[in-house]
Structures are given as structure tokens and as C-alpha cells.
Amino acid sequence: MAQFAAEIAAAQGVLDEFMAGFNARDVARWDATFNFPSVRLASGTLVILQAGDHKPGMFDKGALAEWDHSAWERRDVIHAGADKVHIDTRFTRYRKDGSVIGGFDSIYVITLENGHWGVKARSSYAP
């Protein structure tokens, strides 16, 4: 995978920004880390996300009701190529007091489309 070091670095940078935008609850910043349409497979449901589908209110309900922030625990590259990187991840969700809500394994597919690296697909065990 050494021949794709730049692509891997770009994909890891996307995950850095993905988490930063999510934790900031900045929908525009977070959306900028995607290549839409983007697929999410979680909780037995396949969702195809389009630009504009994420809304600020999403951070206050459902699985995120107690959530304050998240952090990556693992980001291991599975495969890498010139225009796509697969990353095996684990992230943890935390409450404001620092207590753990849960840790979740996920696979992220980061693609290069029209000069932009972004999240094209993710399969997660997170609710």
C-alpha cells in the first residue's frame, strides 16, 4: 500500500474532518466530507444520503440524545487505490461528563470524485 500513501493520507484527512465537523455540530462542514450520494448501512437499514439530508436537529434526538462528542479509536486501512480507500474503524460516543455511550465498529469507503475526497459509503454497528 506504500504506493498509495498520498491517497491514504487524504482519506485519513477526510475522517479527521468528518469527526471534527460532526463534533462541532456543523452540518455544512460535516456535509463537505461526503461524496453524495452516500450510503449508510446501520441498524438493519440502508440509507442513501443526498446533499442537504443532514439537519442541525439530528444532533439532539434518537441515538444522539445523550451524545456530546465522539472520537476515533481505530482507523486501519484495509485496501487502497488511486481513487478509493477502505478503512476499518472504531469510534466511541461520549456524554458531556465523559462517560461512554458506546463504541462501534464501522467500515468507511472514501472515494476521490471530481478532485474531492469524501465518504461514499459506511457500514456501521452504531444505531
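**View 1. The largest pocket holds about 470 Å³ of space.** This is a predicted model, where local features need pLDDT of at least 70, side-chain atom pairs count only at pLDDT 80 or more, and totals for chains, interfaces and linings use all residues. Residues are numbered from 1 along each chain as its sequence is written, and side-chain values use heavy atoms, with hydrogens and water left out. A pocket here is an open set of points on a 1 Å grid over the protein atoms alone, where a 1.4 Å probe fits, with protein on both sides within 12 Å along at least five of seven lines; a lining residue has an atom within 4 Å of a point. Grid points are joined across faces, edges and corners, and the volume is the space filled by probe spheres set on them. Look for W30, R40, M58, R93 and R122, which lie nearest the centre among the 25 lining residues. By type, the lining splits into 13 nonpolar, six polar and six charged residues (nonpolar: Ala, Val, Leu, Ile, Met, Phe, Trp, Tyr, Cys and Pro; charged: Asp, Glu, Lys and Arg; polar: the others, Gly among them). Helix 1, strand 1, strand 2, strand 4 and strand 6 each put in at least two residues. Helices (H or I, at least four residues) and strands (E, at least two) are DSSP runs, numbered from the N terminus.

**View 2. Here is the largest nonpolar core, with 25 residues.** Such a core is a set of buried Ala, Val, Leu, Ile, Met, Phe, Trp, Tyr and Cys residues joined through side-chain atoms within 4.5 Å. F18, W72, V85, F91, Y108, I110 and V119 touch the most other members. Two or more residues come from each of helix 1, helix 2, strand 3, strand 4, strand 5 and strand 6, and helix 1 gives the most, with seven. In soluble globular proteins, nonpolar side chains tend to be buried together. Zoom in on Y108 and you'll find contacts (heavy atoms within 4.5 Å) with F18, W72, V85, F91 and V119, among others, not counting residues up to four places away in sequence.

**View 3. T89 has bridge partners in two strands.** On one side, R75 stands opposite T89 of strand 4; in strand 5, the partner is S106. Strand 3 and strand 4 pair antiparallel over ten bridges, while eleven bridges join strand 4 to strand 5, also antiparallel. Strands count as paired if DSSP finds at least two bridges between them. The strand 3 and strand 4 hairpin has three residues between its strands. The hairpin of strand 4 and strand 5 has five, and there G98 takes a positive phi near 90°.

**View 4. V109 sits in strand 5.** V109 is buried, at 18% relative accessible area (buried is under 20%, exposed over 50%, partly exposed in between, with a 1.4 Å probe and protein chains only). Leaving aside neighbours within four places in sequence, the contacts of V109 include K84, V85, H86 and V119. The C-alpha atoms of V109 and F34 are 10 Å apart, with 75 residues separating the two along the chain.

View 5. A cis peptide bond links F36 to P37, with omega about -5°, and P37 is part of strand 1. R25, in the loop between helix 1 and helix 2, has a positive phi near 55° despite not being glycine. R25 is partly exposed, at 31% relative accessibility. S43 also has a positive phi near 55°, this time in the loop between strand 1 and strand 2, and S43 is exposed at 54%.
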